[in-house]
Amino acid sequence: EEEEEEETFELSISEEACSEVALQRCESLIQAAREEVRKAVALAAEHSLPYALCLALPAIRGVVGGDTALAGALTKLLLQNEEFRGMLNGPAGELALPSIVDMLRSQAGLRGVVDYYYPDTATPGGHRVVVASTVGEWKAAMADADERPVVAFLGHAADPSSRMLTSIFNRLSIDSGNAAVDFVAVSVEGSDDGMALRVLDEAFVHISTLPCFLFYDAGLECRRWRLAGADVSELQRRLKFVAVGLTQQEIDQGPGEV
């Protein structure tokens, strides 16, 4: 048998990348990253917060901008809300933390989480979300939408991130920029919630992928646009395209290409 020739690869680094200025820049970035880690470790220890959340706090504060009321609500949520803190430090929190951090990285997500834990201060006005608990209600919501685009949120009642996303989804439904889109929500109450599980079957969604968002155009799902997880910024980005109407090319290519 003939021996296969080994492939060799040559790594080429430009002189510019090896320059003193470039190396100093790299060293500066490493030092800044180490400082952020040090601060996150200290903050986590001082306030009994998850390290991953503390590490993301600079980015979370960045989305607050100059909104002092929202900044105050964030501080109150992190340091004083025992329900939120208990959830983060409990067994469910470890699984939900990545999704919660994703939500907090956008202003809409942060406001939704605050609304969930402080419903008395939530923006009044209701919402436009149609709740579907059975296959019949699901089909009726799709039929009522007719040619209008639809975004559907499928969540699990036992999942903390799904419960918080419900508040965010409700708020997005009354955003004037989303007026052309219909909103539908399905919540699975438990593993024995047969009616809701049949809705998931109808939508070709497995319970292990919840929470997730589905986008429909003229009653047909745009499968490449399906979004799993709790990235509210990405949800908003996709909604902007869906609200103005997707072309067939955009439907086929998916959101990564637009």
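**Phe84 and the nonpolar cores**

Leaving aside neighbours within four places in sequence, Phe84 is in contact (heavy atoms within 4.5 Å) with Leu77, Leu78, Ile100, Val113, Tyr117 and Met164. A nonpolar core is a set of buried Ala, Val, Leu, Ile, Met, Phe, Trp, Tyr and Cys residues joined through side-chain atoms within 4.5 Å; buried means under 20% relative accessible area, exposed over 50%, and partly exposed in between (1.4 Å probe, protein chains only).

**Basis of the model**

This is a predicted model, in which local features need pLDDT of at least 70 and side-chain atom pairs count only at pLDDT 80 or more, while totals for chains, interfaces and linings use all residues. Residues are numbered from 1 along each chain as its sequence is written, and side-chain values use heavy atoms, without hydrogens and water.

**Helix α6**

Helix α6 (residues 107-117) is largely enclosed by the rest of the structure, because eight of its 11 residues are buried. These are Ala108, Gly109, Leu110, Gly112, Val113, Val114, Asp115 and Tyr117. Their cover includes α2, α3 (68-79), α4 (82-89), α5 (91-104), α8 (160-173) and α10 (232-244). Helices are DSSP runs (H or I, at least four residues), numbered from the N terminus.

**Val37**

Val37 is found in helix α1. Val37 counts as partly exposed because its relative accessibility is 34%.

Definitions and conventions
Helices (H or I, at least four residues) and strands (E, at least two) are DSSP runs, numbered from the N terminus.
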